[in-house]
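Hi,

Here is the structure I promised to pass on to you. Have a look at it first, and then read my notes below.

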Amino acid sequence: MEVLVDGKHVVHGMAVDVRGTLYITTIGEDDVYAVSKPGQRTRFTDRDEQESNPSRHRSLESPTTLAADGLGNLYALDGSGPRLGCFASARVKRIATDGKVSALAHADTAMAPYTMGGGMMPIAVDKTGTLYMLSQDGPYKVSGAGKLVLLPVPDGAADDASRMLGALAAHPDGGVVVASSGHGVYRILPDGRAVRLATQGGDCALATPITPVTPDESTCRTGPHSGCAERTTAPKAVRCNINAVAVDAGGRIFLSDDARILQVDTDGTISTFFDPDKDAPIPLENPVQDYPLTLMALGPNGEVYWTRFSTVYKITPWSRAPHLSPAMPRGAGALPGPGARAS
């Protein structure tokens, strides 16, 4: 494990392109940066124009979330839409392999009737080039005809936190994987259906719907065989606290669960990919260390890039930190901070 970025700005967006290059956006800056090695980042967007004319108006305005497609393009959500007072509505820009930024006409058309704030709204682009986004109202698909289509959620009751943003990642078979506070982790298939993940193992649940179960009449309060129609609910497992999701080329799903990373294999088996070292972390320079923002992206060789606040970590399968002791409770560990030695 190594620290790639440890700046003073919150990392708002992160993506890896088909060449394996890591890109980030940070709060308060109008560019996308390529990260080539620890401590080194290079402006990627509009770099030629900015060097020749530093006063030139930038093509991006406070970009936040990032996504990548299978052709090498990046996509950034920014605040370049019409302004309503201090409020800037969101737009999605395409960034070509040479760093040139362009508008997405069909996305502009789709988003124009809505006052959608930029903020941290996750976006993803699947293998067909279809753009998805996740708002407080749920997941949307942007059609090629310029329509914003609200997608379904899995059957079952949502909890009270359903109107909170979650995470979104493209699936190699098409569609996306959604992590939602109200509906757990599920897939949106290419045909638009929402299906829950069929999983096994793990010590927390990716979805905990309230499911009616048939009562055992032999223990019903009114006695056995009395026609009792009492309805109960299945007990709830502890829900995983998922705040980031990524999917590799083989369809394995990686989930950030508080201070660890879970892996869901294609057969649904849940395992722990990474658990932080038991040593106490070195404090970050910025005093706000419990900022809830967590991002995750995958490299082509099994690398996992993980962001907490202003620090970006690189975790590789061949150099992971020792796993926590089974006796240690979930969430008890913490990532080693900047300056910690790689495991």
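What follows is a short tour of what turned up, from the whole chain down to single residues.

First, the ground rules. This is a predicted model, so to speak of local features we need pLDDT of at least 70, and side-chain atom pairs count only at pLDDT 80 or more, while totals for chains, interfaces and linings use all residues. Residues are numbered from 1 along each chain as its sequence is written, and side-chain values use heavy atoms, with hydrogens and water left out.

**The chain as a whole**

There are 2 helices and 28 strands in the chain. Helices (H or I, at least four residues) and strands (E, at least two) are DSSP runs, numbered from the N terminus. Of the 343 residues, 47% are buried; buried means under 20% relative accessible area, exposed over 50%, and partly exposed in between (1.4 Å probe, protein chains only). The chain exposes about 16,400 Å², with carbon and sulfur atoms supplying 52% of it (Shrake-Rupley method, 1.4 Å probe; for residues, only the protein chains shown count as cover). Among contacts with a separation of 6 or more, 52% are between residues 24 or more positions apart, where contact means heavy atoms within 4.5 Å.

I would start with β24 (260-264). All 5 of its 5 residues are buried, so β24 is largely enclosed by the rest of the structure. Arg260, Leu262 and Val264 point one way from the strand, and Ile261 and Gln263 point the other way.

With β23 it pairs in the antiparallel sense over 5 bridges, and with β25 it pairs in the antiparallel sense over 4 bridges; two strands pair if DSSP finds at least two bridges between them. Aspartate 257 stands opposite arginine 260, and isoleucine 261 stands opposite phenylalanine 274 in β25.

Both pairings are hairpins. The one formed by β23 and β24 has 2 residues between the strands, and aspartate 258 in its turn has a positive phi of about 55 degrees. Aspartate 258 is partly exposed, with a relative accessible area of 30%. The hairpin of β24 and β25 has 5 residues between the strands, and there glycine 268 takes a positive phi near 90 degrees.

Most residues other than glycine have a negative phi. Serine 62 also has a positive value, near 50 degrees. Serine 62 sits in the loop between α1 (47-52) and β6 (66-68) and counts as partly exposed at 45% relative accessibility.

**Aromatic pairs and a charge over a ring**

The structure holds 3 aromatic pairs. Rings of Phe, Tyr and Trp (its six-membered ring) pair if their centres lie within 6.5 Å; planes under 30 degrees apart count as stacked, over 60 as edge-to-face and the rest as tilted. One of the pairs is phenylalanine 254 with phenylalanine 273: the ring centres are 5.3 Å apart and the planes are at 90 degrees, so the pair is edge-to-face. It links strand β23 (residues 253-257) to strand β25 (residues 270-274), 19 residues apart. Phenylalanine 254 is buried at 3%, and phenylalanine 273 is buried at 5%.

Another is phenylalanine 274 with tryptophan 306, with centres 5.9 Å apart and planes at 85 degrees, so this pair is edge-to-face. It joins β25 to β27 (residues 304-308), 32 residues apart, and both residues are buried.

Elsewhere, arginine 41 lies over the face of tyrosine 33, at 3.8 Å from the ring centre. The test is NZ of Lys or CZ of Arg within 6 Å of the ring centre and within 35 degrees of the ring normal.

**The disulfide**

A search of the whole structure finds 1 disulfide, defined as a pair of cysteine sulfur atoms within 2.5 Å. Cysteine 204 and cysteine 240 form it, with their sulfur atoms 2.0 Å apart. The angle about the S-S bond is 95 degrees, and the link is right-handed. Cysteine 204 lies in the loop between β19 (194-196) and β20 (212-213), and cysteine 240 in the loop between β21 (232-233) and β22 (242-247), 36 residues apart. Cysteine 204 is buried at 7% relative accessible area, and cysteine 240 at 6%.

Best wishes
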